[in-house]
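This report goes through one protein model, part by part. Keep the sequence and the structure in view while reading.

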Amino acid sequence: MKQTFEAKDNDKTVKLSIKPLTFEDREEADRVYSAKIATMVRERGTRKLLLRDELDQFLKDNGVWTTEDEKKIQEISKTIEKLFTKLKKGGLKVTEGRQICIDIMDNRKEMLKVAAKRQTLDSSTIESIAENEKLDYFVYACTVYDDNGDNFWQSFEDMKNDRSSDVYGKSYVAVMKHLYNIDPEFEKNL
């Protein structure tokens, strides 16, 4: 199903769509990812960024992320899984089903709270920054004018310079939905 949307580009509204990725788009995105990692590894002496493997050890060595945190995440995951199983089984009163949904949301919030201390630092790893660059390439490659299928941005660099625009913001969300089937209203729709 074609995904179209409208966005503001300067003072006018443009109608855009998200085109499916081609094999070539995926190959180029992989090159963008690899190039970003290579560049950041070379620069890391001055920037002090870590790879994910190094981050895990750093967090454990400094007591930021402990085995208790890992166990807590696993326990909460099991609880959520049990609640989902009970909900999917059916045969519940509406009030019981509603309470299970509330319990699932509460458990997810707790899991996010525990995971936040690790996630905050994970988003600053070399791999995470390179993944963001790859995703940006997907936004560039997939965002086209709805009427003729031409790319919205002239180049990847143009798109990177336009990250604060309405077009980029809406394209980013649309690409996430397209590539990863992410629902921005997930909690509400649950």
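## Arg-42 and helix α1

Arg-42 belongs to helix α1. Its relative accessibility is 65%, so Arg-42 counts as exposed, the cut-off being over 50%. In sequence, Arg-42 and Phe-58 are 16 residues apart, and in space their C-alpha atoms are 20 Å apart. The model discussed here is a predicted one.

## Glu-54 and helix α2

Helix α2 covers residues 52-61, and Glu-54 lies in it. With a relative accessible area of 30%, Glu-54 is partly exposed. Glu-54 and Thr-125 are 71 residues apart along the chain, and their C-alpha atoms are separated by 9.1 Å.

Which residue has a positive phi although it is not a glycine? Asn-10 does, with a phi of about 60°. Most residues other than glycine have a negative phi. Asn-10 is placed in the loop between β1 and β2. Its relative accessibility is 71%, so Asn-10 counts as exposed.

## Helix α4 and its kink

Helix α4 runs over residues 94-122, which makes 29 residues. From the first C-alpha to the last it reaches 40 Å, close to the 42 Å expected at 1.5 Å a residue. Where is the kink in α4 centred? It is centred on Ala-116, and its angle is about 50°.

The buried residues of α4 include Gly-97, Ile-100, Cys-101 and Ile-104.

Helix α5 has 17 residues and spans 25 Å from its first C-alpha to its last, close to the 24 Å expected at 1.5 Å a residue. Is α5 mostly covered or mostly uncovered? It is mostly covered, as 13 of its 17 residues are buried.

The largest nonpolar core of the model has 24 residues. Those with the most contacts inside it are Tyr-137, Tyr-140, Trp-153, Met-159, Val-167 and Val-175. At least two residues of this core come from each of β1, β2, α1, α5, α6 and α7. The element that gives the most is α5, with 7 residues. In soluble globular proteins, nonpolar side chains tend to be buried together.

## Helix α7

Helix α7, residues 166-180, has 15 residues. It reaches 21 Å from its first C-alpha to its last, close to the 21 Å expected at 1.5 Å a residue. Its buried residues are Val-167, Tyr-168, Ser-171, Ala-174, Val-175 and Met-176. Against which elements do these buried residues pack? They pack against strands β1 (3-9), β2 (12-18) and β3 (143-145), and against helices α5 (126-142) and α6 (156-160).

Leaving aside residues up to four places away in sequence, Val-175 touches Ile-18, Leu-135, Phe-138, Val-139, Cys-142 and Tyr-180. After α7 comes Asn-181, whose phi is positive, near 55°.

## Aromatic rings

How many aromatic pairs does a search of the whole structure find? It finds 6. In one of the pairs, the ring centres of Tyr-140 and Phe-156 are 6.0 Å apart and the planes are at 50°, so the pair is tilted. Tyr-140 lies in helix α5 and Phe-156 in helix α6, so the pair ties together parts that are 16 residues apart in sequence. Buried means under 20% relative accessible area. Tyr-140, at 14%, therefore counts as buried, and so does Phe-156, at 13%.

Tyr-145 and Phe-152 also form a tilted pair, with 5.5 Å from centre to centre and 50° between the planes. Tyr-145 has 27% relative accessibility and so counts as partly exposed, whereas Phe-152, at 9%, counts as buried. Tyr-137, Tyr-140 and Phe-156 form one aromatic cluster.

A charged residue also lies over a ring in this model: Lys-134 is over the face of Tyr-33, at 5.8 Å from the ring centre.

Methods: Residues numbered from 1 in each chain as written. Predicted model: local features only at pLDDT ≥ 70, side-chain atom pairs only at ≥ 80, totals over all residues. Heavy atoms only, no water. Helix = DSSP H or I, 4+ residues; strand = E, 2+ residues; numbered from the N terminus. Expected span 1.5 Å × (residues − 1). Buried < 20%, exposed > 50% of the residue type's maximum accessible area, 1.4 Å probe, protein only. Contact = heavy atoms within 4.5 Å. Bend = angle between axes of the 7 residues up to and from the residue. Core = buried A, V, L, I, M, F, W, Y, C linked by side-chain atoms within 4.5 Å. Phe/Tyr/Trp six-rings, centres within 6.5 Å; stacked < 30°, edge-to-face > 60°. Lys NZ or Arg CZ within 6 Å of the ring centre and 35° of its normal.
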